[in-house]
Amino acid sequence: MAPGWPAVLTEGDVRLRPMRRSDQRAWMNLRAVNAGWLEPWDATSPVPVQGPRPTFGQFVRSLSAQAREGSALPFAVDYAGELVGQLTVSSIIYGSLRSAAIGYWVSEHVAGRGITPTAVALATDHCFNELGLHRVEVNIRPENGPSLRVVEKLGLRDEGLRKRYLHIRGSWADHRTFALTVEEVPDGLLGRWRRYQAAHPR
């Protein structure tokens with residue numbers, strides 16, 4: 001089994017856990033209800049995909065295989081016991097780089113409750129502490145205000161614009177890269193996030 005997997009990470013009502021085939025109904029419903037909220041930011045393939053779309057079971061099996069081989073950590077995001085989104089640590093590289101990227105989405109009906117910053121902080125600390133990674137990055141479309149607020153609250157460093165970085169809805173789209181190294185958060189990103197919350201009570 002790959003380092004740091006399987007894992008269940010919790011902070012308050014937020015829990016990250018492995019995706020399960022039994023999540024199918026809740027996951028499919030979330031994606032359908034949130035289509036307008038999520039699709040503008042979803043990555044697409046620049047090469048036409050042949051054949052039928054994978055089933056949800058095949059999707060979960062593919063994610064689990066990536067986790068076992070150590071190239072990704074695919075988490076479901078639960079809030080108060082309800083599936084509300086997904087967070088994936090991808091592009092895990094060891095060697096002299098020891099880096100990964102984090103991508104995420106949550107349902108619009110729970111946006112703004114601090115769920116996503118908490119999930120990103122939990123996953124980042126897990127990457128640093130359990131996987132021994134040195135750097136984590138998040139790549140965000142410049143137009144994606146809610147995601148930009150997540151990294152702003154967490155204090156990730158803006159590393160600039162990557163031109164035509166990812167294929168989104170039929171074209172290559174610019175992204176801004178935000179990053180953090182382990183030295184920048186000696187007591188963890190979750191610790192930084194807790195201090196932010198204490199200083200900015202709702």
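Predicted model: local features only at pLDDT ≥ 70, side-chain atom pairs only at ≥ 80, totals over all residues.
Residues are numbered from 1 along each chain as its sequence is written, and side-chain values use heavy atoms, with hydrogens and water left out.

**View 1. Helix H4 against helix H5.** Helices (H or I, at least four residues) and strands (E, at least two) are DSSP runs numbered from the N terminus. Two packed helices are described by the angle between their axes and the distance between the axes. Here the axes of H4 (residues 115–129) and H5 (residues 145–154) come within 9 Å and cross at roughly 55 degrees. Axes are lines fitted to C-alpha atoms, for helices over the stretch in contact, and angles run from 0 to 180 degrees between N-to-C directions. H4 and H5 are therefore oblique to each other; angles under 35 degrees count as roughly parallel, over 145 as roughly antiparallel, 65 to 115 as roughly perpendicular and the rest as oblique. The crossing of H4 and H5 is right-handed, that is, the near helix is turned clockwise from the far one by less than a right angle. From H4, Thr116, Pro117, Val120 and Ala121 meet Val150, Lys153 and Leu154 of H5, where contact means heavy atoms within 4.5 Å. By class, this contact of H4 with H5 has five nonpolar residues, one polar and one charged. Ala, Val, Leu, Ile, Met, Phe, Trp, Tyr, Cys and Pro count as nonpolar, Asp, Glu, Lys and Arg as charged, and the others, Gly among them, as polar.

**View 2. Helix H4 against helix H6.** H4 and H6 (residues 189–199) pack at an angle of about 155 degrees, and their axes are 8 Å apart. On the H4 side the contact is made by Pro117, Thr118, Val120, Ala121, Leu122, Thr124 and Asp125, and on the H6 side by Leu189, Leu190 and Trp193. Seven of the residues in the contact of H4 with H6 are nonpolar, two polar and one charged. Leu189, Leu190, Gly191 and Trp193 of H6 are buried; buried means under 20% relative accessible area, exposed over 50%, and partly exposed in between (1.4 Å probe, protein chains only). These buried residues of H6 pack against strand S1 (9–11), H4, H5 and strand S8 (171–181).

**View 3. Threonine 118 in helix H4.** Threonine 118 lies in H4 and counts as buried, at 5% relative accessibility. Leaving aside residues up to four places away in sequence, threonine 118 touches Glu11, Val14 and Trp193.

**View 4. Glutamine 86 in strand S4.** Glutamine 86 sits in S4 (residues 82–93) and counts as buried, at 7% relative accessibility. The side chain of glutamine 86 makes a polar contact with the side chain of tryptophan 27 (3.0 Å). A polar contact is a pair of N or O atoms within 3.5 Å; within protein, one must be able to donate a hydrogen and the other to accept it, and residues adjacent in sequence count only if both atoms are side-chain atoms. Not counting residues up to four places away in sequence, glutamine 86 touches Met19, Trp27, Phe59, Leu63, Phe75, Val77, Gly103, Tyr104 and Trp105.

**View 5. Backbone details.** The peptide bond from tryptophan 5 to proline 6 is cis, with omega near 0 degrees, and proline 6 lies in the segment before S1. Alanine 80, in the loop between strand S3 (73–79) and S4, has a positive phi near 55 degrees, in a residue other than glycine. Alanine 80 is exposed, with a relative accessible area of 56%. Arginine 164, in strand S7 (residues 157–168), also has a positive phi, near 45 degrees. Arginine 164 counts as exposed at 53% relative accessibility.

View 6. Proline 186 is placed in the loop between S8 and H6. From C-alpha to C-alpha, proline 186 and proline 46 are 40 Å apart in space and 140 residues apart in sequence. Valine 49 is in the loop between helix H2 (35–38) and helix H3 (56–69) and is exposed, with a relative accessible area of 66%. The C-alpha atoms of valine 49 and glutamate 143 are separated by 27 Å, at 94 residues apart along the chain.
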